[in-house]
Amino acid sequence: PDIAQERLLAVPESSRYYPEARGLISKIKREGKVADAHSKAQLAYRTGDQEEAQAAIDFGLKQSPGDPGLTELRQHINRIALHVEELASGRELLKSDDIGAIQRMVESCEAVVVAESDPMNKFRIGAKELQAGLEMRLSHIDKDAMAMAQNLRAKGRVKDAYDYFKRAIR
C-alpha cells in the first residue's frame with residue numbers, strides 16, 4: 001500500500017486520472033484504518049478487554065460498515081461473552097459440594113474452550129484453568145464420599161454408607 005500510495009500521490013492535478021487517484025488514496029487509508037482497528041480489537045479481546053475490543057470494532061465499522069472481518073469478530077466476541085459472564089461465578093464452586101452445579105460449570109468451561117480456538121486468549125486460558133480446578137474438586141468430593149461410605153459401612157451403617165457410595169459414583 002505504501003508504494004501504491006506514493007504512486008497515486010505522484011499523479012498531477014492536471015491529469016485526468018487525478019480524481020480516481022485521490023479516490024484510491026482515500027480507499028487505501030480507509031482500509032488501513034479498518035485493518036488497524038481489526039488488529040487492535042483482536043489484541044484487546046485476546047487480553048480480555050472486551051470493552052476496548054468492541055470500541056475498536058465500532059471504529060472500524062464506521063470506516064467500513066459491514067466489514068466481514070470486523071462483523072465476524074464482533075459476533076464471536078458476543079458469543080463468548082455469554083459464557084464468560086457465566087464463568088465469573090465459577091470460582092465460588094471450587095469450595096462447593098454442589099456436584100450438579102460443578103458439573104454444569106465444567107460444561108460451560110468446555111464450551112468456551114471449544115468456541116475459542118486461540119490458545120493465548122485470556123478467556124480460554126481462564127476457562128481451562130477453572131475446568132481443571134473444578135474437575136479436581138469433583139475428584140476430592142468423590143474421594144471424600146468413598147471414604148465416608150467405607151467408614152459408615154465399617155460401623156454397620158449400611159444404608160448411610162450406600163447413600164455416600166451413590167454420591168461418589170455420580
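Mentor: Leu93 lies in the loop between helix H4 (68-87) and helix H5 (99-115); helices here are DSSP runs of H or I with at least four residues, strands are runs of E with at least two, and both are numbered from the N terminus. The model is predicted, so local features need pLDDT of at least 70 and side-chain atom pairs count only at pLDDT 80 or more, while totals for chains, interfaces and linings use all residues. Residues are numbered from 1 along each chain as its sequence is written, and side-chain values use heavy atoms, with hydrogens and water left out.

Leu93 is buried, with a relative accessible area of 14%. Buried means under 20% relative accessible area, exposed means over 50%, and partly exposed is in between, with a 1.4 Å probe and protein chains only. Apart from neighbours within four places in sequence, Leu93 is in contact (heavy atoms within 4.5 Å) with Ala101, Ile102, Met105, Leu134 and Arg137. By contrast, the C-alpha atoms of Leu93 and Lys27 are separated by 52 Å, and these residues are 66 apart along the chain.

Such a separation may be set beside the dimensions of the chain. The C-alpha atoms fill a box of roughly 105 × 20 × 20 Å, taken along the principal axes. The secondary structure comes to seven helices and zero strands. The radius of gyration of the protein chain is 28 Å, well over the 15 Å that the globule rule gives for 170 residues, so the chain is more spread out than a compact globule. This radius is taken over C-alpha atoms, and the globule rule is 2.2 Å times the number of residues to the power 0.38. Buried residues make up 33% of the 170 residues. Among contacts between residues at least 6 apart in sequence, 53% join residues at least 24 apart.

A search of the whole structure finds one aromatic pair. The rings of Tyr45 and Phe123 have centres 5.6 Å apart and planes at 40 degrees, so the pair is tilted. Rings of Phe, Tyr and Trp (its six-membered ring) pair if their centres lie within 6.5 Å; planes under 30 degrees apart count as stacked, over 60 as edge-to-face and the rest as tilted. Tyr45 lies in helix H2 (residues 18-46) and Phe123 in helix H6 (residues 122-154), so the pair ties together parts that are 78 residues apart in sequence. Tyr45 is buried at 4% relative accessible area, and Phe123 also counts as buried, at 12%.
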